[in-house]
Amino acid sequence: MRTGPEAEARRVWVLIEQEEGMVHPVSWELLGTARRLATELDSASVVVEAILLGHAVGPIAQEAFRYGASRVHLIDDPVLAVYRNLPYAAAISRLVRTYRPEIFLIGATALGRDLASAIATRVETGLTADCTELRIDPKLQILAATRPTFGGNLMATIHCRTDRPQMASVRPRVLPVPEPLPQATGAVVRAPLGISEEEVPVRRLRLIPAPRRLNLEHADVVVAGGRGLGGPDGLTLLEELADALGGVVGVSRPLVDAGWIAADHQVGQTGKTVRPKLYVAAGISGAVQHRVGVSNADFILAINTDPQAPIFQIADLGIVGDLHEVIPELIKQLREGAGHGA
Amino acid sequence: MHAVVAIKQVPDTSNVRINPETGTLIREGVPAIINPYDVHAVEMAVRLKERFGGRVTVLTMGPPKAAEALIECVEQGADRAILMTDRRFGAADTLATSYVIAHAVQAIQADDPVDLLLFGKQAIDGDTGQVGPGVAVRLNLPLITYAVQIEAFDPVARTAIVHRRIERGIEVLETALPALLTVEKEIAAIGRAPLPNLVRAARYQPEIWDAAAPVPFDAAKIGIKGSPTVVVKAYTPPPREPGERVGVAELGLAAVINRALDRIGAAGVLAEHPEPLPENRGAE
């Protein structure tokens, strides 16, 4: 491919993920990281650029400048109103071929993982999934992308040596959100989509908003119980605590096997892997199959009468005590505002 | 109706142990299983076969031992199983793997057109979820990832309605067929294999394909050569340290609750609650 002056700058690209005009915060996390990577690259002409697709999403470009993009490549078209793999992947792949970015970062969300894989295959380059750490290798001057693998048992650092762009999908909430620069501005470069609705083989009929209780994988707070609940009544206690914390109820496998609750609440190797800010394990002993499903939680609070319970090995705070005593008091304090009740 | 399911034999990652001296994975003695999501993909394909008639083909790329996994799929109800095994396929990243699977599916559909291609949403060893979408791109098929339900499937009109899980809820999509789906476990509950399947599987030998025959693969696109990414470093993450321990019996209920609220507050999950923290906020 011919390389004009456009292709000479070294570009670090970030996808701005938006749905109905709401930007996923991982986009800003990635812009902050892209700025850092640009300084780690030994070159004066590194630019951070944002890729924005959607319908009537122009105003988001201003926000992207504030978070560190010097330029926004915008494709605005009614066909892009709802995310679908084909038009998004085809259009972005075309931009990649035109501008040849050095690095391209995308959030490891449902949308981002779906899209990044398709782009990487279309342009035939390397993509590292679900990264938790990004650096520029100082000697090689290429992206060193680190990710958990083997169910979180192993960390792998991956290079994409010769193909470009070096792509990575990056977990939300791992990298810091940068401080916005209030005065920042930049250029918006519009490109046409060039794909009509008739060419898109998938159509969204409707969106069923998730009942909060069933959105375990994406919940910020998961309140889970195990055999220590004693009986199905213990679930009521769990639900009350989940309500007080704005969280979702999960369970360990024995409760599903006993038929107390449907399998879509199960957390662990044979159930769901969760990654909340807070995981409460109440009356869960913590067999390894359960622990692998929760080990990515930011903070684990375990409540168990048995001081030897394996769950305490991974808990940030372990309460040795009876959950039937601890949880009602916790709910009470949360509801009252703890300042008054203590 | 012809459904093709791509599966992977994986180590049971819940049984992986770390050598404490070298910090490396101990792979010996770790049982190999069918990737758990793939089992549900096979089940979905078998259900569609039961309803509409037709065939289910399963295929995998892996070592000779992966034939075991394919035979389990025949027990589940698959009709044909293909093992792509060759040292030249080895050490492939997701780009090279998607080439091999897409190329094999092209060969399969030349004789027997495919209505639906199913994958698990990701494999539990690599956790990338990139191979299914890559195959969809290479075969120019509509892609639906994270599918949880097939609401309607019409092999005659060549359309399907599929539910897909995203962060905000369930997206209900209508797609043209053939299409490629990567599935969550909810897509189909695993039933018990009927006896005739078990009898058939006991005698079944998967077809073995290598990099040259019966389908020639492009040597530049397979294995290490076809893989743009390389793992330059692997290490075990620092284990999650046991944290603080407090006992109701030792400290009393009020002190324990106070401590819990303090720590939960510091974890940043009480943002919507205006005054959640006790007086000793900032004690750390």
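A residue is called buried here if 20 or more other C-beta atoms lie within 10 Å of its own, exposed if 12 or fewer do, and partly exposed in between, with C-beta atoms placed from the backbone. Helices (H or I, at least four residues) and strands (E, at least two) are DSSP runs, numbered from the N terminus.

## The model and its confidence

This is a predicted model, in which local features need pLDDT of at least 70 and side-chain atom pairs count only at pLDDT 80 or more, while totals for chains, interfaces and linings use all residues. Residues are numbered from 1 along each chain as its sequence is written, and chains are lettered from A and ligands numbered from 1 in the order in which they are written.

The pLDDT is the predictor's confidence in each residue, from 0 to 100. Chain A averages 91, and 96% of its residues score at least 70. Both ends of the story deserve a look, though. Over residues 1-5 of chain A the pLDDT stays under 50, and the model gives this stretch two contacts beyond four places in sequence. Residues 338-342 of chain A also have a pLDDT below 50, yet that stretch has 15 contacts beyond near neighbours in sequence. A contact means that the C-beta atoms of two residues, placed from the backbone, lie within 7 Å.

## Chain A as a whole

Chain A holds nine helices and 18 strands. Its C-alpha atoms fill a box of roughly 70 × 50 × 40 Å along the principal axes. Of its 342 residues, 52% are buried. Among the contacts in chain A with a separation of 6 or more, 63% join residues 24 or more positions apart.

Domain bounds here come from an automatic or database domain assignment. For chain A that assignment gives domain 1 (5-199) and domain 2 (212-341), with C-alpha centres 36 Å apart. For chain B it gives domain 1 (2-221) and domain 2 (242-284), and those C-alpha centres lie 46 Å apart.

## Two helices of chain A

Let us start with helix α1 (residues 26-40) of chain A, whose 15 residues reach 21 Å from first C-alpha to last, close to the 21 Å expected at 1.5 Å a residue. The expected span is 1.5 Å times one less than the number of residues. This helix is mostly covered, with 11 of its 15 residues buried; among them are A:Trp28, A:Glu29, A:Leu30 and A:Leu31.

Helix α3 (residues 85-99) of chain A likewise has 15 residues and reaches 21 Å, close to the 21 Å expected. Its buried residues are A:Asn85, A:Leu86, A:Pro87, A:Tyr88, A:Ala89, A:Ala91, A:Ile92, A:Leu95 and A:Val96. What covers them includes β4 (46-54), β5 (71-76), β6 (103-107), α4 (110-123) and β13 (202-209) of chain A, together with β9 (143-154) of chain B. After α3(A) comes A:Arg100, with a positive phi near 45°.

## A strand covered on both faces

In a regular strand the side chains alternate between the two faces of the sheet. In strand β15 (residues 248-251) of chain A, A:Val248 and A:Gly250 are buried on one side, and A:Val249 and A:Val251 are buried on the other. Four bridges pair β15(A) in the parallel sense with strand β14 (residues 221-225) of chain A; two strands pair if DSSP finds at least two bridges between them. A:Val222 has A:Val248 as its bridge partner.

## Where the chains meet

The contact takes 78 residues from chain A and 75 residues from chain B. On the side of chain A that touches chain B, the largest share, nine residues, comes from α4(A). That side divides into 37 nonpolar, 24 polar and 17 charged residues (Ala, Val, Leu, Ile, Met, Phe, Trp, Tyr, Cys and Pro count as nonpolar, Asp, Glu, Lys and Arg as charged, and the others, Gly among them, as polar). Strand pairing also links the chains: β10 (residues 154-160) of chain A and β14 (residues 229-235) of chain B run antiparallel, joined by six bridges. Within that pair, A:Ile158 is partnered with B:Val231.

A:Thr125 sits in the loop between α4 and β7 (127-131) of chain A, and counts as buried because it has 20 C-beta neighbours inside 10 Å. Beyond residues up to four places away in sequence, its contacts include A:Cys160, A:Asp163 and B:Pro228.
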